[in-house]
Amino acid sequence: MPRSNRPRSRREHARDEQERSLDSLIAGWRRTETRRGVDWNVQPISAPQAQKEYACPGCSVMIAPGIAHLVVWRADGVLGDQADLAARRHWHTHCWRIG
């Protein structure tokens, strides 16, 4: 595809970033699980991939950088993939299994 010389707006740039974020998140090893009648996308994050700190919604304890964990988001949301992805949460693997 040829390169465009047209300057891109911030909105276009943000939309492209969201699409890349969605693609990169979905491109990894992902599975779908059903819990309490709701389908969830579950993607493992390896220790080297874990670059930020997150609060686990299962136990409210912080997931430190470098700790393997799961990213979970709805697979059947009515607002669409972008909204579901924006509402994703990072869980300790153990917390997700017992929750």
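Biologist: Take rings of Phe, Tyr and Trp, with the six-membered ring used for Trp, as paired if their centres lie within 6.5 Å. How many aromatic pairs does that rule give?

Modeller: The count is two. Keep in mind that this is a predicted model.

Biologist: What is the geometry between Trp40 and Trp96?

Modeller: Their ring centres are 6.1 Å apart and the planes meet at 75°. Planes over 60 degrees apart count as edge-to-face, so that is the class of this pair.

Biologist: Which elements do those two sit in?

Modeller: Trp40 belongs to strand β2 and Trp96 to helix α3, residues 93–98. The pair therefore ties together parts that are 56 residues apart in sequence.

Biologist: And the other pair, which residues form it?

Modeller: Trp91 and Trp96, again edge-to-face, with 5.2 Å centre to centre and 75° between the planes. Ring pairs thus link Trp40, Trp91 and Trp96 into a cluster.

Biologist: Is Trp96 buried or exposed? What about Trp91 and Trp40?

Modeller: Trp96 is buried, at 5% relative accessibility. Trp91 also counts as buried, at 17%, because the cut-off is under 20%. Trp40 has 24% and is partly exposed.

Biologist: Which charged side chain lies over the face of Trp96? Which one over Trp40?

Modeller: Arg35 lies over the face of Trp96, 4.2 Å from the ring centre. For Trp40 it is Arg74, at 5.9 Å from the ring centre.

Biologist: Switching to the sheet. What is the strand order?

Modeller: The sheet is open, has four strands in the order β1-β2-β5-β6, and pairs antiparallel. β1 (31–35) and β6 (89–91) are the edge strands, each pairing on one side only. Twist averages 35° from one strand to the next.

Biologist: How many bridges per pairing, going from β1 to β2, β2 to β5 and β5 to β6?

Modeller: β1 and β2 have five, β2 and β5 have six, and β5 and β6 have three. Trp40 of β2 is the bridge partner of Glu33. Val72 in β5 stands opposite Val42 and also opposite Arg89 in β6.

Biologist: Why is β5 called largely enclosed?

Modeller: Five of the six residues in β5 (residues 69–74) are buried, so the rest of the structure largely encloses the strand.

Biologist: Last one, Ile63. Which strand holds it, and what is its relative accessible area?

Modeller: Ile63 is in β4, residues 62–63, and is buried at 0%.

Biologist: Beyond neighbours within four places in sequence, which residues is Ile63 in contact with?

Modeller: Lys52, Glu53, Tyr54, Cys56, His69, His90, Trp91 and His92.

Terms used: Residues are numbered from 1 along each chain as its sequence is written. This is a predicted model: local features need pLDDT of at least 70, side-chain atom pairs count only at pLDDT 80 or more; totals for chains, interfaces and linings use all residues. Side-chain values use heavy atoms; hydrogens and water are left out. Two strands pair if DSSP finds at least two bridges between them. Axes are lines fitted to C-alpha atoms, for helices over the stretch in contact, and angles run from 0 to 180 degrees between N-to-C directions. Buried means under 20% relative accessible area, exposed over 50%, partly exposed in between (1.4 Å probe, protein chains only). Contact means heavy atoms within 4.5 Å. Rings of Phe, Tyr and Trp (its six-membered ring) pair if their centres lie within 6.5 Å; planes under 30 degrees apart count as stacked, over 60 as edge-to-face and the rest as tilted. A charge sits over a ring if NZ of Lys or CZ of Arg is within 6 Å of the ring centre and within 35 degrees of the ring normal.
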